[in-house]
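Me: I would like to go through this model feature by feature. Please give the general idea each time, then the case at hand.

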Amino acid sequence: MNNVTMSGESVIDTTEMQRRAPAVPQETSAYVVLGTNRAPAQYPLAGFFPDDGGTEEAGISLVHMAAQDSAKVGDLLTFTAWILNATNLVLTDVSLHLCSFTNELGEQLNYRTEPQTVEFVRRTLGPRQALKYCFSYVVTERDLEEPGLLISALRADLVMPGRGRVFSECDALISVAVPSVLSLP
């Protein structure tokens with residue numbers, strides 16, 4: 001696989017990824033189970049649509065996932081997002097937007113690390129390439145005060161030749177729970 005690193009994110013040739021990857025259903029905004037060496041996890045995969053709510057654009061996807069399904073205080077969480085172009089088109093003005101990152105209390109959280117601001121906007125994505133973005137966060141005691149989810153929400157938009165601007169949204173979810181207290185006899 002060709003992999004060119006650029007300031008913390010990557011542009012990836014997806015040709016090799018397609019040969020190795022299992023077939024993924026063409027459902028939009030669905031959670032897709034992929035086989036890995038570890039327990040199966042759910043990975044959100046979202047399609048791109050025109051602003052008028054028209055038909056999904058085939059071959060272009062936004063994927064946003066967490067490296068683990070659940071977390072406890074002190075865990076370093078890693079989130080990865082990809083904008084995938086499996087078409088023969090050059091996509092322009094490709095932008096990724098951080099919509100929100102919240103805990104179950106609805107509090108806005110801040111990533112510990114994230115790509116530089118310039119890497120989020122006005123990118124070009126060639127045929128059969130992907131843009132990769134990585135984020136991290138350390139779980140705090142406050143995040144576990146109310147058991148539930150940490151939710152990282154992203155939005156992406158880009159311009160397709162002959163179609164104009166298209167949009168996508170995708171969330172990554174991590175379950176957090178208060179450790180159970182053992183009762184002794």
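Me: How many helices and strands are there in the protein, and in what order do they run?
Reply: Helices (H or I, at least four residues) and strands (E, at least two) are DSSP runs, numbered from the N terminus. The protein has one helix and twelve strands. The order from the N terminus is β-β-α-β-β-β-β-β-β-β-β-β-β. This is a predicted model, in which local features need pLDDT of at least 70 and side-chain atom pairs count only at pLDDT 80 or more, while totals for chains, interfaces and linings use all residues. Residues are numbered from 1 along each chain as its sequence is written, and side-chain values use heavy atoms, with hydrogens and water left out.

Me: What share of the residues in the protein is buried?
Reply: Buried means under 20% relative accessible area, exposed over 50%, and partly exposed in between (1.4 Å probe, protein chains only). Of the 185 residues in the protein, 39% are buried.

Me: Which strand shows burial well, and which strand does β5 join?
Reply: In strand β5 (residues 57-66), eight of the ten residues are buried, so the strand is largely enclosed by the rest of the structure. Two strands pair if DSSP finds at least two bridges between them. Strands β5 and β7 run antiparallel and are joined by seven bridges. His64, for instance, has Ala81 as its bridge partner in β7.

Me: How many aromatic pairs are there?
Reply: Rings of Phe, Tyr and Trp (its six-membered ring) pair if their centres lie within 6.5 Å; planes under 30 degrees apart count as stacked, over 60 as edge-to-face and the rest as tilted. The count here is seven aromatic pairs. One of them is edge-to-face, because the rings of Phe79 and Tyr111 have centres 5.9 Å apart and planes at 75 degrees. Phe79 lies in strand β7 (residues 76-85) and Tyr111 in the loop between β8 (91-102) and β9 (123-125), so this pair ties together parts that are 32 residues apart in sequence. Both Phe79 and Tyr111 are buried.

Me: How are the rings of Phe120 and Tyr133 arranged, stacked or edge-to-face?
Reply: Their centres are 5.9 Å apart and their planes at 5 degrees, so the pair is stacked. Phe120 is in the loop between β8 and β9 and Tyr133 in strand β10 (residues 129-138), so the pair ties together parts 13 residues apart in sequence. Phe120 is buried at 7% relative accessible area, and Tyr133 is buried at 0%. Phe79, Phe101, Tyr111, Phe120, Tyr133, Phe135 and Tyr137 form one aromatic cluster.

Me: Which side chain makes a polar contact with the side chain of Tyr111?
Reply: A polar contact is a pair of N or O atoms within 3.5 Å; within protein, one must be able to donate a hydrogen and the other to accept it, and residues adjacent in sequence count only if both atoms are side-chain atoms. The side chain of Ser152 makes such a contact with that of Tyr111, at 2.3 Å. Ser152 belongs to strand β11 (residues 148-160) and is buried, at 0% relative accessibility.

Me: Which residues is Ser152 in contact with, leaving aside its neighbours within four places in sequence?
Reply: Contact means heavy atoms within 4.5 Å. On that basis Ser152 is in contact with His64, Phe79, Ser100, Phe101, Tyr111, Cys170, Asp171 and Ala172.

Me: Where is Arg123, and is it buried or exposed?
Reply: Arg123 is in strand β9 and is buried, with a relative accessible area of 12%. Its side chain reaches the backbone oxygen of Glu119 at 3.4 Å.
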